[in-house]
Amino acid sequence: MNNRLRELRDARGWSQGVLAEHLDVSRQTVNALENGKYDPSLPLAFAIARLFAMRIEDIFLPDA
């Protein structure tokens with residue numbers, strides 16, 4: 001699944017570690033999400049959407 005996580009994180013000037021702290025996950029999880037190697041659980045997807053004040057579907061994009 002493609003996503004805009006890196007773009008959104010960079011726009012706030014956050015490192016992967018800082019984003020991980022906000023989401024209560026590991027930096028490795030953030031890295032895997034950003035690189036499309038891991039699809040988030042539904043609760044994590046909602047937490048990410050809340051953190052960036054966006055809809056889930058505006059962050060996570062279906063594979064084309």
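Helices in this description are DSSP runs of H or I with at least four residues, numbered from the N terminus. By that criterion, helix H2 is followed by Asp24, whose phi is positive, near 60°. The model described here is predicted.

An unreviewed UniProt entry lists residues 5–59 as "domain: HTH cro/C1-type".

The interior comes next. In soluble globular proteins, nonpolar side chains tend to be buried together. Here the largest nonpolar core contains 15 residues, and Leu5, Leu19, Ile48, Phe52 and Ile59 are those with the most contacts inside it. At least two residues of this core are supplied by each of helix H1 (5–11), helix H2 (16–23), helix H3 (27–34) and helix H4 (42–52). H4 provides the largest share of the core, with 5 residues.

Within H2, the residues Gln16, Leu19, Ala20 and Leu23 are buried. These four residues lie on the same side of H2, because they cover an arc of only 105° around the axis. The partners against which the buried residues of H2 pack are H1, H3 and H4.

Apart from neighbours within four places in sequence, Leu19 is in contact with Leu5, Arg9, Trp14, Val30, Leu51 and Phe52. Among the core residues with the most contacts are Leu19 itself and two of these partners, Leu5 and Phe52.

Key:
Residues are numbered from 1 along each chain as its sequence is written. This is a predicted model: local features need pLDDT of at least 70, side-chain atom pairs count only at pLDDT 80 or more; totals for chains, interfaces and linings use all residues. Side-chain values use heavy atoms; hydrogens and water are left out. A nonpolar core is a set of buried Ala, Val, Leu, Ile, Met, Phe, Trp, Tyr and Cys residues joined through side-chain atoms within 4.5 Å. Buried means under 20% relative accessible area, exposed over 50%, partly exposed in between (1.4 Å probe, protein chains only). Contact means heavy atoms within 4.5 Å. UniProt positions are given in the numbering used here, feature names are shortened, and annotations may be inferred rather than shown by experiment. The arc is that of the directions from the helix axis to the C-beta atoms.
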